[in-house]
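Please find each residue in the view as it is named.

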Amino acid sequence: MYKRTTILLTLAIAVFIGTAAITPPEKKEKRNLKVLPKDISHDELDAIMHRFNDALGVKCNHCHAGAEVDGRYKLNFASDEKPEKDMARGMLKMTERINKKFFQGEGGTQVSCMTCHNGSAHPK
């Protein structure tokens, strides 16, 4: 009985180690965060980006450069190739300054991208 248990336990450990050895490590996404917090979660970052989409009436490729990779078009979120991305950073800093200076402690009143853009990439 002891011998059978030892063999089964050894096989289980071998399978576990073998599976761990052939499982590729989780691919770490490249980030290029200059204004947003470096430790922001993927979900929080996604939510912010979707608010930008709604506020400006644009898709992700408005700010993010893309390229053909393995026969598919993919966005390179870390790239600074498009000037619109740097403009977005500047606008984000601007809204932060406005909110800090004029709306500190005002019960949640703040300006955002939507305040001026209102669904348009180029507000009036």
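Predicted model: local features only at pLDDT ≥ 70, side-chain atom pairs only at ≥ 80, totals over all residues.

**Salt bridges**

- The count of salt bridges comes to three.
- One of them pairs the side chains of Lys 34 and Asp 80, with N to O at 2.9 Å; because Lys 34 lies in the loop between helix 1 (2–22) and helix 2 while Asp 80 lies in the loop between strand 2 and helix 3, this pair ties together parts that are 46 residues apart in sequence.
- Asp 80 also meets the side chain of Lys 85 in a salt bridge of 3.7 Å, N to O, and it forms another with Arg 89, where the closest N and O atoms are 3.0 Å apart.
- Through shared partners, these salt bridges join Lys 34, Asp 80, Lys 85 and Arg 89 into one network.

**Burial within the network**

- Lys 34 counts as exposed, at 53% relative accessibility, and Asp 80 counts as partly exposed, at 37%.
- Lys 85 counts as buried because its relative accessibility is 9% and buried means under 20%; Arg 89, at 10%, counts as buried too.
- Leaving aside neighbours within four places in sequence, the residues in contact with Lys 85 include Asn 32, Cys 63, His 64 and Phe 77, as well as Asp 80.

**Surface patches**

- Met 87, Met 91 and Met 94 make a nonpolar surface patch of about 260 Å²; Met 94 is found in helix 3 (residues 83–102) and is partly exposed, with a relative accessible area of 30%.

**Positive phi values**

- Asp 70, a residue other than glycine, has a positive phi near 55°; its place is in the loop between strand 1 (65–69) and strand 2 (72–76), and at 76% relative accessibility it counts as exposed.
- Asn 118, likewise a residue other than glycine, has a positive phi near 45°; it lies in the segment after helix 4 (113–117) and counts as exposed, at 60% relative accessibility.

Terms used:
Residues numbered from 1 in each chain as written. Heavy atoms only, no water. Patch = residues over 30% accessible without salt bridge, like charges linked within 9 Å, V, L, I, M, F, W, Y side chains within 5 Å. Areas by Shrake-Rupley, 256 points an atom, 1.4 Å probe, with all protein chains shown as cover. Salt bridge = Lys/Arg side-chain N within 4 Å of Asp/Glu carboxyl O. Helix = DSSP H or I, 4+ residues; strand = E, 2+ residues; numbered from the N terminus. Buried < 20%, exposed > 50% of the residue type's maximum accessible area, 1.4 Å probe, protein only. Contact = heavy atoms within 4.5 Å.
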